[in-house]
Amino acid sequence: MEERVQKIIANAGHCSRRAAEEFIAQGKVRVNGRVIKLGDKADIAKDEILVGTTRIEGARRVYLMLNKPRGYEVSMSPLIRKSVMNLVPQDERIVPVGRLDKNTTGLLFFTNDGDFANRITHPRYEKEKTYAVVLDRKISKEDIKKIEEGVHLKDGFLKGKIKVYSPTNLEITIHEGKKWIVKRLFFKQGYYVKELSRTRIGPVKLDVKIGKWRYLHQREIDQLMR
Ligand code: URA
């Protein structure tokens, strides 16, 4: 991703952004061998950036998926024993992307790339999220239709696409990431969600066993960044 060169230099810890701007204004910064001017952009993943003779290295970007088990909290607090942070590599400065309730299982991404996290969670990018749902009682055709046409919740209007596997087991795909959104959507129609698991975000399907994680493939990262 292209960013202003002074920002890249400052983020790499070479100097402050202000000092980086001065280096650029003094003609001391080169991108792929060419002296740049203030305001020029570069991509740390692709371009060679030199301040004087020092090469600027970007932090290694890390992206992974976890299959979150039930009972684990999505929290950065070191005081919580059953935190998802204890299920992923500790040496990377990664954070969970978005949230899942303590009793929800399934797909959760982690990254140290703020742009990636924003792409997944910001409503502007409309990333589809699919959940497997078990309800406390059989769902009626009318309620499926209502949810597919859209339901008014206290914080907005929400539509879901539903696939029914059995009258109490179904799959719902939504674009929203608000707190308790799936549970609230069904509760509004008079159903209690007994089990909830996220199975897909955008084009990426959960494919690791419960409690396990893996790095995302470059192709998946590229698709999610679109
Ligand atoms: N919707 C919910 O109600 N809970 C989750 O954990 C995720 C989506």
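## Nonpolar cores

The largest nonpolar core has 32 residues, and those touching the most other members are Phe 110, Tyr 131, Val 133, Leu 135, Ile 172, Val 182 and Phe 186. A nonpolar core here is a set of buried Ala, Val, Leu, Ile, Met, Phe, Trp, Tyr and Cys residues joined through side-chain atoms within 4.5 Å; buried means under 20% relative accessible area, exposed over 50%, and partly exposed in between (1.4 Å probe, protein chains only). At least two residues of this core come from each of β7, β9 (105-111), β10 (129-135), α4 (141-149), β11 (151-153), β14 (169-174), α5 (181-188) and β15 (193-201). With four residues, α5 gives the most. Helices (H or I, at least four residues) and strands (E, at least two) are DSSP runs, numbered from the N terminus. Domain 2 and domain 3 each supply at least three residues to this core.

Another core, of 14 residues, lies apart from this one and includes Tyr 63, Phe 116, Ala 117 and Leu 216.

## Basis of the model

The model is predicted: local features need pLDDT of at least 70 and side-chain atom pairs count only at pLDDT 80 or more, while totals for chains, interfaces and linings use all residues. Residues are numbered from 1 along each chain as its sequence is written, and side-chain values use heavy atoms, with hydrogens and water left out.

## Domains

The chain is divided into domain 1 (3-55), domain 2 (62-125 + 210-226) and domain 3 (128-201), with bounds from an automatic or database domain assignment. Between the C-alpha centres of domain 1 and domain 3 the distance is 48 Å.

## Ligand site

Around the ligand are Leu 100, Asp 101, Thr 104, Tyr 131, Trp 180, Ile 181, Val 182, Lys 183 and Leu 196, each with a heavy atom within 4 Å of it.

An N or O atom in the side chain of Asp 101 is 2.7 Å from a nitrogen atom of the ligand. A ligand oxygen atom lies 3.0 Å from a polar side-chain atom of Thr 104, and a polar backbone atom of Trp 180 is 3.3 Å from an oxygen atom of the ligand. The ligand taken alone exposes 240 Å², of which the protein buries 96%; accessible areas come from the Shrake-Rupley method with a 1.4 Å probe, and for residues only the protein chains shown count as cover.

## Lys 82

Lys 82 sits in the loop between β7 (63-68) and β8 (95-97). Lys 82 is partly exposed, at 36% relative accessible area. Leaving out residues up to four places away in sequence, Lys 82 touches Gly 71, Tyr 72 and Glu 73, where contact means heavy atoms within 4.5 Å.

Terms used:
A polar contact is a pair of N or O atoms within 3.5 Å; within protein, one must be able to donate a hydrogen and the other to accept it, and residues adjacent in sequence count only if both atoms are side-chain atoms.
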